[in-house]
Amino acid sequence: MMESLMPELIRMVVAAVLVVAFVFLNAMIMGYLERKLSAHIQRRPGLMEVGPHGILQLLIDGLKLIGKQLVIPEKSDHFLFRLAPVLSFAPVVLPFIVIPFSRKLVIRDLDVGLIFILAISSLNVLTILVAGWSSNNKYSLFGAVRSVAQNISYEIPMLLSLLAVVLMTGTFSLQGIVAAQGKIWFFLIQPIAFITYIIAGVAETNRAPFDLPEAESELTAGYHTEYSGMGFSLFMLAEYANMFIVCSIATTLFLGGWRGIPLPFGDYSGIIWFFLKVYGLMVFLVWIRWTYPRTRFDQLMNFCWKYLIPFALVNVLVTAVLVKVL
Amino acid sequence: MSKKGYFTELYVGGKSLLVGLGVTFKACLQPIVTVQYPREKLDITPNYRGHIELRRDPESGECPCIVCGMCARACPSGCITVEGEKKEGEKGKTLTVFALDFTRCSLCGTCVETCPKGAIDFSQDYNIAGFTREEFHYDLIRRLEERG
């Protein structure tokens, strides 16, 4: 009995360690890219001090954050205040279980992979609400309330746009969806769904131009105003990991996943293509963030309910008809 | 909202978003315009009026000051002290003390204007912070020698 369990156990431990390590590494890479790109867009050099072109800056920042004290406001809900960052970190680690990094490198190819990711990642809203509520601070609470309103409304066009792809492939398994894109990648067949998904994804990750939950000029930092040290960095890690998950779903469903022109690395070329696509999309999101000003809340809601949802609905309808007819 | 307005807005809005992306993309490729301050410094404009400084005559390489004391008399704050002595075998006086109390100087530039020999000029120093008042009592002759 024990012997048959052992390989499975080792597999779980290795996967867990790799995923958590990757979440930290991803936050460092994205933190660096974000700061460097924003600097160049504003015609500054950006990070230059620690290491060549400042590549070690994020390592130093991480060490600093680990060393800092987690200050708990006196009149906050202490238990929930401590729990919220941990809660926000857990749901961003879980979706990595089903993401197909290459033909063979996937932790578990669940039949309901897509539903699993969407179900887990919508937990993130709850943790933001917990963080905002327990801080007992008006800025935190406003940030949390905005985040919940925004996430709930943008979940709908997101799901509808993904549904169009699922209708075409007839499977929720991410490997199955990648396999269905052998000839043509779905962003060519489903451009509306792709654009809708990217916009909704930006809103889901609370990034500019939809960064109302943490609007600096209005709410200082939004739901994580009161957090310091590791509490704050867990939120940051979660935000960047969330970005990675949104981009990897977009890659898997619309950009052919790990498929690409064969590279001379055998089975490893799939991983390289996957990461190239995902980081390309993430750089695009950074580019968007440093280009557009923040939307107003009514504009945000108008855009979702008047443009994204009708377009996504019509797209699903047309797709369904075409799938039935063809 | 009319149906026409709906799609027009979508088109115009979408187009302006793409134009915006183009603007930032171009800015991203253009050279950097800021400098890394403590390591690199920008050149100060020649019109910058710092504290006064003795200058050398470009031909002879000597300071043309004749110790007439016009600058000290012209100074409204009385922050310049000029002293000189008559040396054997030399025409006129030789400058021995030229002190500036920069704590009282108002940078009016009257001394520079009144100098008959053009021996005083504005310096380009702007990084001047200190812990004591005495640090701003400048000995301009020593500064001239240090500049070489």
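**Notes on the model**

1. V67(B) is partly exposed, because 19 other C-beta atoms lie within 10 Å; here a residue is buried if 20 or more other C-beta atoms lie within 10 Å of its own, exposed if 12 or fewer, and partly exposed in between, with C-beta atoms placed from the backbone. V67(B) is found in the loop between β1 (52-54) and α2 (70-74) of chain B, and although V67(B) is not a glycine, its phi is positive, at about 55°. Most residues other than glycine have a negative phi.

2. On provenance and numbering: this is a predicted model, in which local features need pLDDT of at least 70 and side-chain atom pairs count only at pLDDT 80 or more, whereas totals for chains, interfaces and linings use all residues. Residues are numbered from 1 along each chain as its sequence is written, while chains are lettered from A and ligands numbered from 1 in the order in which they are written.

3. A positive phi in a residue other than glycine is also found at N206(A), where the value is near 55°. N206(A) counts as buried because it has 25 C-beta neighbours inside 10 Å.

4. The helix α9(A) itself has 14 residues and reaches 20 Å from its first C-alpha to its last, which is close to the 20 Å expected at 1.5 Å a residue, the expected span being 1.5 Å times one less than the number of residues. Eleven of the 14 residues are buried, and α9(A) is therefore mostly covered. Among the buried residues are F194(A), Y197(A), I198(A) and E204(A), and what covers the buried residues of α9(A) includes α6 (138-169), α8 (186-189), α11, α12 (268-289) and α13 (297-325) of chain A.

5. Which residues of α3(A) meet α11(A)? They are P85(A), V86(A), S88(A), F89(A) and V92(A), and on the side of α11(A) the partners include L234(A), F235(A), A238(A) and I245(A); two residues are in contact if their C-beta atoms, placed from the backbone, lie within 7 Å.

6. As to geometry, α3 (residues 78-93) and α11 (residues 229-254) of chain A pack at an angle of about 20°, with their axes 9 Å apart, which makes α3(A) roughly parallel to α11(A). Axes are lines fitted to C-alpha atoms, for helices over the stretch in contact, and angles run from 0 to 180 degrees between N-to-C directions; angles under 35 degrees count as roughly parallel, over 145 as roughly antiparallel, 65 to 115 as roughly perpendicular and the rest as oblique. The crossing of α3(A) past α11(A) is left-handed, a crossing being left-handed if the near helix is turned anticlockwise from the far one by less than a right angle, and right-handed if clockwise.

7. Helix α2 (residues 57-67) of chain A also packs against α11(A), at an angle of about 135° and with the axes 6 Å apart, so these two helices are oblique to each other. G62(A), L65(A) and I66(A) of α2(A) make the contact with G229(A), M230(A), F232(A) and S233(A) of α11(A), and by class it has four nonpolar, three polar and no charged residues. S233(A) counts as buried because it has 22 C-beta neighbours inside 10 Å, and it touches G62(A) and L65(A), not counting residues up to four places away in sequence.

8. The axes of α5 (residues 123-134) of chain A and α6(A) come within 7 Å and cross at roughly 160°, and the two helices are therefore roughly antiparallel. The crossing of α5(A) past α6(A) is left-handed.

9. Between the chains, the contact takes eleven residues from chain A and eleven residues from chain B. On the side of chain A that touches chain B, the residues divide into seven nonpolar, two polar and two charged.

Conventions
Helix = DSSP H or I, 4+ residues; strand = E, 2+ residues; numbered from the N terminus. Nonpolar A, V, L, I, M, F, W, Y, C, P; charged D, E, K, R; others polar.
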